[in-house]
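Here are a few friendly notes to read alongside the model. Have the viewer open as you go through the points.

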Amino acid sequence: MFMPDNSVNRPRTLATGAALLVAGIALTAFGWSTPALVLAVKALLFLLGLAVTYQGLSRLLLGIRGKRTDLLFNLAMIWLVGIVLAAILAPVLPLGEHNNVAATLYEPINMSPQLLTDHPLGTNNQGLDLLSRSIYGARTSLVISLLAIAIGTVVGGSIGVIAGYFRKGTDSIIGIFTNALLAVPPLILLIALSTFLTPSTRNLAFALSLLSIPGMVRLARANTIAFAQREFVMAARLMGATRFRIMLRELVPNVVLPVFSMAVVMISVLIVAEASLSFLGLGIQQPDPTWGNMVAEGEGGAMEDYPHIVLVPGTFLFLTVFAFNLLGEKAQQRWDTRSAKL
Amino acid sequence: MRRFLLRGGELLAVLFVVSFGVFAMITLMPGDPAVSILGEGHPPEAYAELRQELGLNDPLLSRYWDWLSGAVTGDLGNSLVPPQSDVVDRILGAFPVSLQLAVMGLVLALLLAVPLAMWSASHAGGAVDRIISASMFATLSVPSFLAGLILIMVFANGLGWFPRAQWVRLGEDPIGNLHHALLPAFVIALTELALFTRILRNDLITTLNEDYILAARAKGMPPWRIMVTDALRPSSFSLVTLMGLSLGRLIGSTVIVEYLFALPGMGSMIITAANQGDFPLVQGAVLVIAIAYVAINATIDASYGYLDPRTRRVHA
């Protein structure tokens, strides 16, 4: 991003902002609704419109507030809060049918998105509502990833602190097991696990947590080693604190922040991993929706005629991963300056 | 030399743990492999015979030993699903396809990332730089299966520029092979491209602020030459580290892409095998991939010393 210009020409910024905003919204709406053009061109116009709208909005904000705001980050957080709320409240929201095929016998199938109808984001080939399925998909996806990251952080973090504090034999043995987990590429590990785990929410969370553990162990270990040589640890030891107490009261509070920022970064990785597994047919099974298996519905010809079947869940997935990536970047810049660069 | 031996011993220990983990998968399988081969309603004699033949009656450790000694001599057993072919043959047939895709993806990513990063870094803060940075950050958030489907939708089905669901072996028709591999390789390259461009751009900007670059500029060297001869090599250290780290993801995207484009590589093989519960094939493939992965990572570790002499003595 470029350096903030101290002297903001307020009326001019406001004017260009408003003009860009209007043009952008017009372009977006045109791209969305025009029937005349090919899909690729429509999508291009739509995206261009969004970009122009964004520029207009950020200029307007600059003009009104007189200083720069990180609009993109705010929008991303609004999306995250929105999707989490929607996922939590999904059962009580007035949504269409998400997995019961028997209830949708009379619904239109493969309906394109039309914002002001019963199915604002369209339906799939069984008449199930895509908005509802996307939100229930968010529910599954978020529950699995957050559960996995929680397990990974607690287990991996503790093992890392233990390895970093005791060093020597403990460290070597833990190192060998960590490296063994790292020696199998993540997706291959998941596929191998899926040969014997039945794909339930709990099992998937467990499998995904195995992906996050090695990284957590390494990070917690490296930080523990750095902190264990500091004076306050020495002081605690001289005062006769037990090893357990030193780890819990002196080391863990210092290791928590970098580990936590890594956890935020890992969430999006785990969401993608879960989606990929479901896309391959090895994760959550139909008719229960996840973003991955919804995208997979578009395979084998359906997406040529009905691109929205891929694009709707794909957009949900993209926006969520994007928002988590942005959040992770912020978290690392703030709490873990060492690994922020890589 | 001692360091070298220690490192080698560690690698062996890791591979040992991996192979045991991979092998122990069978015992965790739901149901009985013998039943899944014979199907329901089999005669009890055939069942007993097959269990004996598969060695399912022996204790786990002795079965592991048999499997491992087989694996060392290049025998990973037979696949369970008809045609019950030799696992090693299947892997030898599939491995080159995956290797080619992964290497092409990596090369493509580097070929695109280096100029993009150089352009971005030399116009840091400008409009082009911001557009490149923003689109790279966005690309990072597109899972490869989604990018693949959309690219197939546009380039293979819409415009018809590339074939889909076909494969021509490199030996048979090199040009046709490239044509078939280009779109899949590009999908694999996308995420890596975004990461490489980001990291190289940042490092280049740091390097460009160094005094010796100023000196070169003062001598009147053209900017592109400063970029290529002076700035690129010292800035590529993080890039190489990142290439090592991205290897796992690269293999993952290769698996997805093979599935998407129906290419006969390790990925499609392992997914089909996992779906059919064909565990000898899954085990063999995972073992081979893990060995390749560990070996490449060790090589990358060793190459740091060459790239950056400062790391030759002091190891982190």
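**Notes on the predicted complex**

1. Let's start inside chain B, where 13 residues of domain 1 of chain B are in contact with nine residues of domain 2 of chain B; two residues count as in contact if their C-beta atoms, placed from the backbone, lie within 7 Å. Domain 1 covers 2-72 and domain 2 covers 88-315 of chain B, with bounds that come from an automatic or database domain assignment. On the side of domain 1 of chain B that touches domain 2 of chain B, α1 and α2 of chain B each supply at least two residues. The largest share of that side, nine residues, comes from α1(B). By class, this side of domain 1 of chain B has eleven nonpolar, two polar and no charged residues. Here Ala, Val, Leu, Ile, Met, Phe, Trp, Tyr, Cys and Pro count as nonpolar, Asp, Glu, Lys and Arg as charged, and the others, Gly among them, as polar.

2. A word on provenance and numbering. This is a predicted model, in which local features need pLDDT of at least 70 and side-chain atom pairs count only at pLDDT 80 or more, while totals for chains, interfaces and linings use all residues. Residues are numbered from 1 along each chain as its sequence is written, and chains are lettered from A and ligands numbered from 1 in the order in which they are written.

3. How confident is the predictor in the complex, by ipTM and pTM? The ipTM is 0.80 and the pTM is 0.83. Chain B averages a pLDDT (the predictor's confidence in each residue, from 0 to 100) of 79, and 83% of its residues score at least 70. Within chain B, confidence is lowest in helix α2 (residues 33-38), at a mean of 64, and highest in helix α5 (residues 87-122), at 88. Helices (H or I, at least four residues) and strands (E, at least two) are DSSP runs, numbered from the N terminus.

4. Now the contact between the chains: 45 residues come from chain B and 38 residues from chain A. On the chain B side, the elements giving two or more residues are α1 (2-28), α6 (127-140), α7 (144-158), α11 (237-261), α12 (266-276) and α13 (279-307). The most comes from α11(B), with nine residues. By class, the side of chain B that touches chain A has 32 nonpolar, eleven polar and two charged residues.

5. Do look at α10(B), residues 223-235. Its 13 residues have end C-alpha atoms only 16 Å apart, short of the 18 Å that a straight helix would reach at 1.5 Å a residue; the expected span is 1.5 Å times one less than the number of residues. Where does α10(B) bend? The bend, about 30 degrees, is at B:Thr229, taken as the angle between axes fitted to the seven residues ending there and the seven starting there. B:Ile226, B:Met227, B:Ala231 and B:Ser235 of this helix are buried, and what covers the buried residues of α10(B) includes α5, α8 (174-208) and α9 (211-218) of chain B. Buried means 20 or more other C-beta atoms within 10 Å of the residue's own, exposed means 12 or fewer, and partly exposed is in between, with C-beta atoms placed from the backbone.

6. Finally, chain A has twelve helices and zero strands. Buried residues make up 41% of its 342 residues. A:Gln286 sits in the loop between α9 (243-279) and α10 (291-296) of chain A. A:Gln286 and A:Asn99 are 187 residues apart in sequence and 8.1 Å apart in space, C-alpha to C-alpha.
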